[in-house]
Each structure stands twice: as structure tokens, then as C-alpha cells.
Amino acid sequence: MTRNKGSEWHKWDLHIHTPETKRNNNFKGSGDTESNWIKFCEKLNKSGIQGAGITDYFAVDNYEKLVKNREKWNLDSNILILPNIELRLSDIRSKRTLSREEKENIGEKKYNSFANVHIIFSNEVKIDKIKRFLSKLPTTKRGERLDFGDPRKIDWYKIEHYPNTKELKDALKDSNIDRHDYLIMDAAGEDGIANDPDVNGYDDCVSFFLNNVDIKQIQSGESSIKSDLRYYQQTLPNWCKNHNRKYYLCPCVIASDAHSFENIGGKYTYIKSDLSFNGLRQIKFEPEVGERISYNEPEIRNNSQIIDSVQYGRNEVCFNSGLNTIIGGRSTGKSTLINTIYKYQDNILNIDNQEQDDGYYYLHKGNDTDVQIKWKDGSVDSAKKIIFIPQDYMIKIADSGNPTRLNDLIKKMLTMGNGVGRSREEDFKDRIIDLKSRMRDLTIKINNLLDQKNKLLKPNVDKKSIENDINEFNKLINEAKLKNSDDKIDDAIKLVREKKEEISKYSSEVSELKADLEILKNNTNEIFFKEFKENIKDIEDQLSSSIKDSYIKDIGQDLEKFIKSFNENNNRYIETLNERIKEKEEKINNIKEDNEYKNSEEIIDKEKHLKELISKRDESKEKLNTIVTYKENINKIESKLKNIYDEIIENFYTMINLVGKSEEIYNGEFTIYVKYSGIHFEDLIDYYRKKRSNIDLIDEYNKELDSEHIHHDTIKKLFEITFKANKNTMDLLNDLVNNDWLKIDYGIRYENDDFYSMSQGKKSFVILKMLLEFNKDNNPIIIDQPEDSLDNRAIYKDLTSYLKKKKKTCQIIVVTHNANIVIGADSENVIIANQNSEKMPNANKEKFMYINGSIESNDADPSQEDFLRQKTIREHIFEILEGGNEAFKKREDRYHM
């Protein structure tokens, strides 16, 4: 059994001929008629066509034959077949252009009456009723079959009469066929109704088309489609201008006009509806291509982003991939259904960041496993995202005078929007980042310069005192220079150098002599005797007693003689050395006492004093230079600091002057912009001295900030503020860089209105529009009673058209009490909620039950005990939603006013 999900796309061909068609029967098979029918059904089964208009000329017998034999001929039971009667109207001209020969042979007036129209009947209309209609059409002799040959051949003369438009309408009326049970389709190409306003006599054609034709068949081919759509789906086609029309759109379909097996499935139209005549009929009310009509296979959305069903216990609620609307009386379980999705879908992107209220009733019997949220890809994945927009959410933001909630929402939307608008928003923010980065670099330079300044050693001397010393030294130096001449100095230096060389020579010789003298003085025989006696003792111990005494005696005598001689010679050498030393020292003394030498040394000493004076003067000059260099370096650093401070002031001034500036960051059906506003000084800096001059300056800054007009001088004076003992200007500079002195507020413009100047209803609609617009991931969206935040005009004029647009890209589930949302937005799937009661019982006494289906669904069974299944979806809408009947009327009349 097919699970009902409301209106879905199906492949239709409303113009298919069959074997035994009355004209151009090219279904050539084995020759056996039944075999041809079986082959026809086989081809139709394989074509993918799900809705077919079984067509024949002024006849319904082939449709009747197919209905009776479809099982026998194996026609797929899921294919819907509708009877299509192809007619020609005598008083409505076709578009065909005749050749001169045709005009002469046939007659232009008669030939131009052959406009071709189709009557497509509901399959609910009994075949006998259709036959009665055909029998009431005046053509030739009643009861005779017509031979429809080639219209370009003389056979056309045999046709005695084609019905005119009045006769067609009378036949339908006399057959008691309700206008809702048939659709009139104009033929494609040159066989269609001529409606060129520039050709005389075509007013009747245009009038018939506007007031009677429900569907226009058009030719395939890209250029033909574009041309026909321009003609039949303009806001106000030229050919409507004399017929009091404000708006007109005609649904246009492509069909095969198949007259052979080969043509079956070659041309078709995708139509979104129930697979029923009433479903087909909905294209009258949603005629735009893309709404319920498509000539290409509709794009298959990501099944992983479509909620397929909610299963609870033995029950299931199915969802369409488009717009699902949940309706019902008070406390019938509408919010219960979406809150169940909310609870059991863990990863819910809740726009309002609200915690779920545990007081809600959910569709389970005490066990979480009783509920499953199934996705169309077959998964039961609680981590998939949905967007939940709670009841009254839009109005909460619209009513709020505080922009924080709007700011937070827009920021969240930009994040959701896969970066939409973010780059331009970031560019806007980058200006601040860039300015603050520059200021940060400048503060680093300031810190470096201050470090350099602190590292400079300040000379601990007085400049004036040093300058006085230098002057005094210069005076002494000049005096010393006058006393000595350069020649005297050179001679004195030469003489003293020579004499000193002599003194050095004699001194060196004296030193050598004294060293030798010291050696001789220290020369002693004690050690010698001691060693000698030890050696004699060793020999003595070895000698025999016969010679020992004489040996010792002889050796002793010789030794005494030697020692005496040694001492005498040593003393003589000491005396000689003393004399030579005395001689040398006298020579040295004589040199030193020489007057010429003394005069020369004096001259040299004076020159040395001069040099000492010059050296001391130069040292003073160095000290003076250190003082000058220090001051120069300090001045350079101070100059650089001033320039950097000025640059920081300029950057800060540039940044603060962004106050009041705005830039568009998103421009679509509405505009999002960002705007800078300032933050008061004392909100960021609280360590200034609370003295009058500071307070007045800060008040002036805040005042200019609020007026969005800041003066340069005011910013400059901020750096003159004095601070508490533990703070300084460097602290202010760091706070200029690290604090956010500006804040971004977001705004919205729509239809040339700024958000805060809009009406409450318009604000709410713009918020909802934004929520839907930024769902770039195409997550399912659940909206709880959006009408509570919108006025009726916004619902009918804005919301319904916007829902129609957005449902093409993402699944939308709306809980609503408003008929215009259900009908005006052409809800694909209407879910009716009911709480069990005595008057309105549910199956198995379930507390909450739901049925769902399309707006056009006719499924109902008044004999059912289950209240929901006793009525059609349309009947439930009438009963539940105030203004339901009016909403249907608006929908059905809007293109045909």
C-alpha cells in the first residue's frame, strides 16, 4: 500500500491516442487488434507515465475498452487514465496558416473554424454520461460515426457540421456533467485557438479561451516553450487587454499526441499533485511553471535532509518534502506532533535557544522507543539538524526595543548561511582589526623607545661647571706653551734620552756586579767539608788498619792548605767587585748631577705638565660631549614618541569616526547591514582622576560619540587626561588597542524600510524570511503558528508566496490556524490533528491521531468510526480553519480575475 504524503511529482501525458484511434492510427503491430492493445499497455507501463489522457476524436469507446480490459492487458494498476475527447469547434479559428491553393479549394472561413480543443473528464464521471454528452453534440446524422481524414484533403468537405462553442457548452450542461468534473485543453501549435488581437474577428476566440480553457497544450523544444510561456503566462498578456483582465496565467503542458507505439513516453509533463483528476485540476490554481508543473524531472533533494515520518506505537504520520501544514482545533495535538520531533531529534538547531518544557505531551506511552523520527534516506538519526522556530518567536524580536536579540539572531543566521555575507562582514570588521593592529605595532615601538630612553645613562655632572673647567685648562695650556719652544724641547729630549741610556747601561752593569758579589759573599766551605768528611768516612771504613791512620793524616793536612788558599782568593775577588761597583755608581751620579741634564729634565717635566693639562681638558670635553649626546638622544626619542603618539591619535580618530557608518553585507530579497556604534569612555577606562577637567573632557567625548560626530581635537585631548597614581598614558594606549571601543549593530532593510521603522507585522515577516533565507544547508524547518506574529495582509501577500518559494529548496512543517497559509501557499501535505473525544473519536481510542493528504484529496468514508477519516482534507479545512472557503476562492480566482 502506497503511503500518503500528499501532492508529489508524477509524470503525465494528457494526449495519448490508442490502437483503433479514429484518425491516423499508426499503431501497427502483428495485425491482431488485441495484440496491439497489449503492446500499447506494455509500452505505457515502461514509459514511466503515471497519468495518461486516453484520447480519441469525438469518441470515448477506446477509453472504455481500456478500462474494461486493463487487467487482462496487464496495464499497471497504478497508472491513472482519464478520458480525453478531441473536438473541433466551428466558430473558433485555429492558428493554422493556409496556402493560397488551400484557401481557394476549401475556403478560408470554413477552414479557420477548425480550432482543436480537448475535453478531459474525471475518471469518476461515468462513461455513459460522457457518451450522452457526445450524442448531444450536433455533427452529422445522429448516431453515425465520423470519418476524420487528413484535414488538408478534400475529405473535409464530407464533414457536414462541427459543433460551435454554444453547442459544446449546451451538450455539457444537458448531460449534467459538473464543471468541476472536466477540463478544457487547447491544442498545441497551429491546431490551437487563434488569439492574436491584431487580427480582426478574433475577439470571440480570445473570449472563449479566457473564460473556458483550463489548460494550454504547448509544443516541446526550448525555443517553443519559452515563446509559449511568454504568451500564456505574462502578468497581463496583450491579448487580454480588451477583456477586463487584471491578471491571467494559463497552465501549459507538453504532451505526446502519440499515434504510434514509438511516440509513447516521448513527450510529457511532470505535475505535482495527487495522482487523480482532482489533483490534475490543481494546476488551474497553481499554473506557474515550477509550482505544480515542470517540463524536466524535478531535482531530487537530499533524502537525508527530509523527515519522512513520525512513528508512534502502531501509528505513523507521513511528511512531504515540500510544505506540510498541521491544523486542528485547540488542544488537538498540533504542537504535540512538532514537540515530539523536537524532543526525539537530539541535534535540534533551536533558533530561540529555548529549553524544552517538560510539561509538553509527547507521542509516546512512557517509553522513548515508542517514537521514531524516520528520514527519507531510511535512517533513524537523531543527530540530524532541524530548525525550530517557536511560537511568538518573531514577535518577541519585533517587540524588543533592545537590538541585542536581533544582533544575536543575525549573527546566528550568518553562521548558518554557509558563510553568506560573512566575508563582507569580516571585511567591515577587518577595518577595526587593521587599525588596532597598527596601533598595537605603534605601542610596541613606544615601549621600545621608552626602554631605550631608560637605558640612557644621564651624566652626573653639571654642564656649566664642565665648560668652566675647559676654559681654565685652555688658559693654563696656553701659558705653558709660551714657556717652552719646540727646539729646546727636542734638544732636551735628545740629551736626556742619551744620558738615560748611559745611566741604564751603568745601572745594568752595577746590577750584574752586585749579583756576582752576592754569590761570592755567600760562598762557604761548610757544605764542602761535610760532604768531603762523609766521603772520607766511607773510604776509611773500607781501608785496612795498616794504612788508615796515615791516609787520614795526609788527607787532613792537604785539605787545610786548600781551604786556606780558597778563602784568601775569594776575599780578594769580593774586594775587587766592590771597587768596580763604586766606580759605576759614581759615573751614574755624575750624569745625574750634570747641570745640562738637570735643565733638560726640567724642560721635559714642563712639557709633561702641558700634556696633562691637555689630557684633562680633553676629558672634560668628553664629559661635555656625553651631556650633549645624551640630550640629543633624549630629544630624538621624544620626537619619535611624539610622532608615534600623533599616529596613534590619527588611527584612533579614524576608528572612532566609523561610528554611524554602515555597510551592506547581504543583499537578497532583503538587505542586512552592519553599523558601528561607540562605547562610552568610562565604560572601558575607570582609572582616570575624577577631577573636573578630566570629567568635562570625557563628557564631551561621549556627547560627540552619541551624535556620531567626533572632533579631532577631542581625541587629541584624551591623551592629556591624568590618571591615578598606579596608572599612566601607556596603560591608556594598551587599552586603546585591547578594548573594543566600537560595537557592531546589525540592521535589516526590506522594501526601502529600515527594520526599526517597520510595523510589527512587517518586522515579524522579515525575521521569518531571514530565518528561511539563511537555511543554506536546507535543513527541515518547523514553524509554530507564524500567523501569531503577522497581520492578515502580511500572511496573504507576503508569507504565502515566500513559503511557496522556499518549499522548493527545503522541507517546511508549519503548525497553523490560518487558512491562507494552507491554501495560499499550496500546502503539499495537510496534516489534520485530533484529540480523542466522544464526539470525535480516534481509532483505538488513541489520545492523539492524525491523517494527512493533499488539499485536493477526496479520500473520505463517512461510515468510518474514526472521525478523521469521515471527511476529506478539504472538508476538514473548511471546518477547522476560519475563512477556509474564502481562502479556496481566493486561490481559485487569483489568476482569472
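Three elements, β2 (51-57), α2 (61-69) and β3 (80-88), each supply at least two residues of the lining of the largest cavity. Helices (H or I, at least four residues) and strands (E, at least two) are DSSP runs, numbered from the N terminus. The model is predicted: local features need pLDDT of at least 70, side-chain atom pairs count only at pLDDT 80 or more, and totals for chains, interfaces and linings use all residues. Residues are numbered from 1 along each chain as its sequence is written, and side-chain values use heavy atoms, with hydrogens and water left out.

**Cavities**

The largest cavity has a volume of about 40 Å³. Its lining consists of I54, T55, D56, A59, V60, D61, N62, Y63, P83, N84 and I85. Six of the lining residues are nonpolar, three are polar and two are charged. Here Ala, Val, Leu, Ile, Met, Phe, Trp, Tyr, Cys and Pro count as nonpolar, Asp, Glu, Lys and Arg as charged, and the others, Gly among them, as polar. The structure holds two cavities of 30 Å³ or more.

Rolling a probe the size of a water molecule over the atoms shows where empty space is left. On a 1 Å grid over the protein atoms alone, a cavity is a set of points where a 1.4 Å probe fits but cannot get out; a pocket is an open set with protein on both sides within 12 Å along at least five of seven lines; lining residues have an atom within 4 Å of a point. Grid points are joined across faces, edges and corners, and a volume is the space filled by probe spheres set on the points.

D56 and D61 also take part in a network of salt bridges with K22. A salt bridge is a side-chain nitrogen of Lys or Arg within 4 Å of a carboxyl oxygen of Asp or Glu.

Two or more lining residues come from each of β1 (8-17) and β8 (269-273). The lining divides into seven nonpolar, twelve polar and twelve charged residues.

**Salt bridges across the chain**

The whole structure has 38 salt bridges.

| Pair | Closest N to O | Apart in sequence |
| R749 and E664 | 3.5 Å | 85 residues |

R292 is buried, at 0% relative accessible area. D826 counts as buried too, because its relative accessibility is 2%. Buried means under 20% relative accessible area, exposed over 50%, and partly exposed in between (1.4 Å probe, protein chains only).

K436 counts as buried, at 9% relative accessibility. D740 counts as exposed, at 53%.

R749 forms a salt bridge with E664. R749 lies in strand β18 and E664 in strand β16 (residues 662-667), so the pair ties together parts that are 85 residues apart in sequence. R749 is partly exposed, at 29% relative accessible area. E664 is partly exposed, at 28%.

**A buried charge without a partner**

D228 lies in helix α8 (residues 222-232). D228 is buried yet has no salt bridge. The nearest side chain of opposite charge, K95, is 5.2 Å away. Lys and Arg count as positive and Asp and Glu as negative; His and the chain ends are not counted. Leaving aside neighbours within four places in sequence, D228 is in contact (heavy atoms within 4.5 Å) with I218, Q219 and Q233.

**A loop residue**

N302 is in the loop between β9 (293-294) and β10 (307-312). N302 counts as partly exposed, because its relative accessibility is 41%. N302 and K376 are 74 residues apart in sequence and 8.7 Å apart in space, C-alpha to C-alpha.

**The whole protein**

The protein has 27 helices and 23 strands. Of its 897 residues, 47% are buried. Among contacts between residues at least 6 apart in sequence, 76% join residues at least 24 apart.
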